[in-house]
Amino acid sequence: MLSMNDNELLRESFEQAANIYQQARPEYPEELFEDLIHVAKLKPGARLLEVGCATGKATLPLARRGYAITCVELGTELAAVARRNLAGLNVDIINGNFEEWQPGAGTSYDLVFAATAWKWIDPEVRYMKAWQALRPGGHLAFWSANHVFPDDGDPFFRDIQHVYYELGEGKEVERNDWPRPGELQVEKDEIEESGLFEVVHIRHFDWELIYTDEAYLQLLDTFSGHILMDEWKREKLYNEIRVRLHARPEKSVRRHWGAVLHVARRIG
């Protein structure tokens with residue numbers, strides 16, 4: 001289990017990927033945003049608060065729909081890139097720690113949301129902070145982009161896991177925690193145990209992307225575990241990935257993504 005110091009180190013590591021994050025990370029499905037807007041009953045001009053926008057991957061699709069968005073982003077470099085990516089849109093980016101951030105006097109939001117960032121926020125305070133920022137009847141939404149493994153998925157990932165394991169960086173291939181589409185963990189109990197929100201919608205999304213070797217390695221360079229990996233381990237792993245993908249006729253890899261959209265209504 002990660003200690004608080006380990007968690008902080010992982011959380012802050014994304015700063016090192018600020019310049020490649022927007023290009024390397026996957027786009028979220030348009031259907032996810034449409035679903036969120038419908039369930040949260042977002043009207044034109046609604047005020048949104050995003051927790052951990054990184055470079056604006058989830059911010060951009062919502063800002064382009066005309067919503068007014070305030071983003072609280074921990075990373076200085078990530079926030080700077082987000083400002084460039086979101087220039088000209090109704091987005092205010094605050095460089096700071098969400099656990100300590102306070103909304104302006106009299107300010108409340110229709111939606112608080114987080115895309116692949118909610119897990120990094122202190123679980124002791126995140127629901128209360130979101131509750132305090134929302135107007136009565138407002139909504140909290142979060143989701144993450146995770147690796148899922150359909151039965152007909154690319155065998156590359158189980159094969160390469162042997163290399164991770166030899167480097168002391170992976171799990172045993174024989175373990176059964178390789179989630180299929182639709183099997184990602186749902187946080188309904190945690191949300192409702194806060195006593196502050198009522199879960200109104202949970203939906204799984206999945207999609208597949210094809211990566212060349214260099215595109216896939218760039219993706220890995222945005223994951224905290226790879227960013228903080230010993231350089232010799234990362235070099236050995238990346239060389240092995242290149243060799244294996246170059247030996248394939250298509251010289252690429254299919255990666256299946258999954259996301260669970262959670263939407264909850266503020267109580268009280």
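R248 counts as buried, at 16% relative accessibility (buried means under 20% relative accessible area, exposed over 50%, partly exposed in between, with a 1.4 Å probe and protein chains only). Salt bridges that share partners join E30, E34 and R65 into one network. The model is predicted, so local features need pLDDT of at least 70 and side-chain atom pairs count only at pLDDT 80 or more, whereas totals for chains, interfaces and linings use all residues. Residues are numbered from 1 along each chain as its sequence is written, and side-chain values use heavy atoms, with hydrogens and water left out.

**Salt bridges overall**
- The structure holds 17 salt bridges, each defined as a side-chain nitrogen of Lys or Arg within 4 Å of a carboxyl oxygen of Asp or Glu.
- Side chains of opposite charge can pair when their charged atoms come close.

**R203 and helix α3**
- A salt bridge joins the side chains of E31 and R203 at 2.5 Å, N to O.
- Because E31 lies in helix α3 (residues 30–39) and R203 in strand β7 (residues 197–212), this pair ties together parts that are 172 residues apart in sequence; helices (H or I, at least four residues) and strands (E, at least two) are DSSP runs, numbered from the N terminus.
- E31 is partly exposed at 45% relative accessibility, and R203 is partly exposed at 28%.
- R203 also meets D35 in a salt bridge, at 3.5 Å, N to O.
- This second pair links distant parts of the chain, with R203 in strand β7 and D35 in helix α3, 168 residues apart.
- D35 is buried, at 11% relative accessibility.

**R248 and E250**
- The side chains of E250 and R248 form a salt bridge at 3.7 Å, N to O.
- E250 is partly exposed at 47% relative accessibility, whereas R248 is buried at 16%.
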